[in-house]
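Me: I've got a protein model open and I'd like to work through it bit by bit. Can you help me read it?

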Amino acid sequence: MTVEERLEKIEAMLVVLVTRAAVRDWYSIEEFARIVDRAELTCREWCRHGRIQAEKKISGRGAHASWVISHAELLRYQRDGLLRRP
């Protein structure tokens with residue numbers, strides 16, 4: 001393997017690491033669903049039923065606000081799972 005090939009391989013791995021490690025303050029339902037490997041509809045229902053702590057934020061896409069989930073809640077979900085039904 002040449003030095004150039006090794007550098008290209010290292011650069012490709014760095015791109016993967018950077019995209020995986022990108023931490024955001026808030027995640028949309030689509031982003032949250034992708035991270036936890038669930039369907040968007042499922043995650044939206046979790047928010048609606050209080051199984052995930054989420055907030056409604058104006059998205060600029062019309063009259064309806066969309067759910068957003070904080071990074072802290074993502075970490076809590078990954079550690080503890082869904083909240084109990086209220």
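Me: In which sense do strand β1 and β3 pair?

Reply: Keep in mind that this is a predicted model. Strand β1 covers residues 26–28, and three bridges tie it to β3. One spot to look at is Ser28, which stands opposite Val68 in β3. The sense of the β1 and β3 pairing is antiparallel.

Me: OK, and which residue of β3 is the bridge partner of Glu55?

Reply: Strand β2 takes in residues 55–57 and is joined to β3 by three bridges, with the two running antiparallel. Look across from Glu55 into β3, and the bridge partner you find is Val68.

Me: So what is the order of the strands in the open sheet?

Reply: The sheet has three strands with antiparallel pairing. β1 and β2 each have a single partner strand, so they stand at the edges, and one side of each is left without a neighbour in the sheet. From one strand to the next, the twist averages 50°. Reading across, the order is β1-β3-β2.

Me: Is strand β3 largely enclosed or left open by the rest of the structure?

Reply: Count the buried residues, where buried means under 20% relative accessible area. β3 runs over residues 66–70, and four of those five are buried. That is why we call β3 largely enclosed.

Me: At what angle does α4 run to β3?

Reply: α4 covers residues 71–80 and lies across β1 and β3. Both strands, along with α2 and α3, are among what covers the buried residues of α4. The angle between α4 and β3 is about 70°.

Me: Is Glu73 buried or exposed?

Reply: You'll find Glu73 in helix α4. Leaving out neighbours within four places in sequence, Glu73 is in contact with Ile52, Gln53 and Leu83. Its relative accessible area is 3%, and the cut-off for buried is under 20%. So Glu73 is buried.

Me: Which residue follows α4, and what is its phi near?

Reply: Go to the end of helix α4, which spans residues 71–80. Next comes Gly81, with a positive phi near 90°.

Me: Last one: how does Met13 count, going by its relative accessibility?

Reply: Met13 sits in helix α1, residues 3–20. With Val3, Leu7, Ile10, Leu14 and Leu17, Met13 makes a nonpolar surface patch of about 570 Å². Met13 comes out at 46%, so the label is partly exposed.

Notes. Residues are numbered from 1 along each chain as its sequence is written. This is a predicted model: local features need pLDDT of at least 70, side-chain atom pairs count only at pLDDT 80 or more; totals for chains, interfaces and linings use all residues. Side-chain values use heavy atoms; hydrogens and water are left out. Patches are made of residues with over 30% relative accessible area and no salt bridge: like charges are joined within 9 Å, nonpolar side chains (Val, Leu, Ile, Met, Phe, Trp, Tyr) within 5 Å. Accessible areas come from the Shrake-Rupley method with a 1.4 Å probe; for residues, only the protein chains shown count as cover. A salt bridge is a side-chain nitrogen of Lys or Arg within 4 Å of a carboxyl oxygen of Asp or Glu. Helices (H or I, at least four residues) and strands (E, at least two) are DSSP runs, numbered from the N terminus. Buried means under 20% relative accessible area, exposed over 50%, partly exposed in between (1.4 Å probe, protein chains only). Two strands pair if DSSP finds at least two bridges between them. Contact means heavy atoms within 4.5 Å. Axes are lines fitted to C-alpha atoms, for helices over the stretch in contact, and angles run from 0 to 180 degrees between N-to-C directions.
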